[in-house]
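Work through these exercises with the structure open beside you. Try each task before you read its solution.

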Amino acid sequence: MRRAAAIALHDLRMTLADRGAVMWMFLLPVVFATFFGLVTGGGSNPADAQAALTVVDNDGGVVARRLIDDLAGQSVAVEELSQAEREASENVVRTLVIPAGFSDGVLAGSEQTLRLEKEPGSSEEAGLAAQARVIASITRLIGRTVEAAQGLEATETVSSQSFGEVTAPDDLVVVESRFAGHATTHPDGFAQSIPGMAVMFVLLVALTYGAATISAERASGRLRRLITAPVTRVEIVAGKIGGRFVIAAVQITALVLMGVAANRLFGVEIGDRPFQMWLVLLLFGLVAAPLGVAVGGWFRDPDRAANIGVMATMAMAAFGGCWWPIEVVSKPLKTVSLMLPSGWAMRALHGLISFGFGIGDLFPELLALLTFGAAFSVLAARSLRID
């Protein structure tokens, strides 16, 4: 199959020489994945989320200061404002009000009241998270006050100096939060946008540039002239499918490497199995490649082939879960996604990135992609007429 490989490599060189094709292969997938990833949440881990909290400190004492500092170290995004600034601000969602005399009262052992005020319409989940972290900080504050009071009579007051000298002890217990087993929430942020845009743009390049070049070669007679060379029709068909697969493989490899770099540099969520993700995308490339050849074989007009390719890509991207998690749509749409190779590819990628699956857990998805690839290869061989 040396001749088929030569045809495939020639198609790769021609595609990489086209600036427009290079932009659609490498630049636009990154732009779209970044935009949709940021818009839909950035793929952050809920266990690492920060709760926004405005603090109005009417006390200014050493105990109040210790409380605020402790909150800031407990995944709370603290913003300190005066009462007037808080009333003028439009970005306040919840506020902890520390009353005047708070520090003196705590050190004297008298009861103190903190107010946690929430604005209407604020997130209940974030409010509960902020409340839990305030309670945890208060608990630590009480412990430090008790430690500072060691050796004092019951009637004596803890001094600000002795309280300030109490250092936080080493944690005896460390709590780590993560999903147990397979996550049940739907993917969002970069966990959705990166695989979604990878699948869509691999399909788009194969069904537009791939199909259009086949149509152009048929219309110009280049395919007909190729048959006069010492090469069989089987080698031509294999070379054309192989060319589109090699193009997809180069594109997929570059996109996965960029995803790994984004994960290392910016913490972008791509799961902990990038190699397995690469393998799934390569298998999807074996689906997209013959489909591009089939579409090109159906039409002699390159523009018409490209337009049909765009429409087919958009439909498969939308109904296959590239634009939004298929887990959130209705049951009929989930059924439609199982009729499309993009739907099976997204199921496999979500399993690897978001649901804790390994490649061995994806037998139905991989089998479905292999079936689509085989069917499209037969279709491509029948539709690519060399006349």
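Two residues are in contact when they have heavy atoms within 4.5 Å of each other. Keep in mind that this model is predicted.

**Exercise 1.** Find which residues Leu369 touches, leaving out residues up to four places away in sequence.

*Solution.* Start at Leu369 and apply the contact cut-off of 4.5 Å. Leu369 is among the residues with the most contacts inside the largest nonpolar core. Phe284 is another of these residues.

**Exercise 2.** Describe the largest nonpolar core: how many residues has it, and which elements give two or more residues to it?

*Solution.* Count first: the core has 49 residues. Those with the most contacts inside it also include Val199, Ile252, Met277 and Leu281. Now list the elements that give two or more residues. They are helices H2 (19-39), H8 (190-220), H10 (233-266), H11 (274-298), H12 (302-320), H14 (341-353) and H15 (363-383). H8 gives the largest share, 13 residues. Then look elsewhere.

**Exercise 3.** Decide for Ser337 and for Pro364: buried, partly exposed or exposed?

*Solution.* Recall the cut-offs: buried is under 20% relative accessible area, exposed is over 50%, and partly exposed lies in between. Take Ser337, in helix H13 (residues 331-337). Its relative accessibility is 3%, so Ser337 counts as buried. Check its neighbours, not counting residues up to four places away in sequence: Ser337 touches Phe319, Gly320, Ile326, Gly343 and Trp344. Now take Pro364, in helix H15. Its relative accessibility is 43%, so Pro364 counts as partly exposed. Pro364 and Arg347 are 17 residues apart along the chain, and their C-alpha atoms are separated by 9.9 Å.

**Exercise 4.** Is the protein chain a compact globule or more spread out than one?

*Solution.* Begin with the elements: the chain has 15 helices and 4 strands. The globule rule gives 21 Å for 387 residues, but the radius of gyration is 30 Å, so the chain is more spread out than a compact globule. Next, look at the box that the C-alpha atoms fill. Along the principal axes, it is roughly 105 × 45 × 40 Å. Last, look at burial: 43% of the 387 residues are buried.

Key. Residues are numbered from 1 along each chain as its sequence is written. This is a predicted model: local features need pLDDT of at least 70, side-chain atom pairs count only at pLDDT 80 or more; totals for chains, interfaces and linings use all residues. Side-chain values use heavy atoms; hydrogens and water are left out. The radius of gyration is taken over C-alpha atoms; the globule rule is 2.2 Å times the number of residues to the power 0.38. Buried means under 20% relative accessible area, exposed over 50%, partly exposed in between (1.4 Å probe, protein chains only). A nonpolar core is a set of buried Ala, Val, Leu, Ile, Met, Phe, Trp, Tyr and Cys residues joined through side-chain atoms within 4.5 Å.
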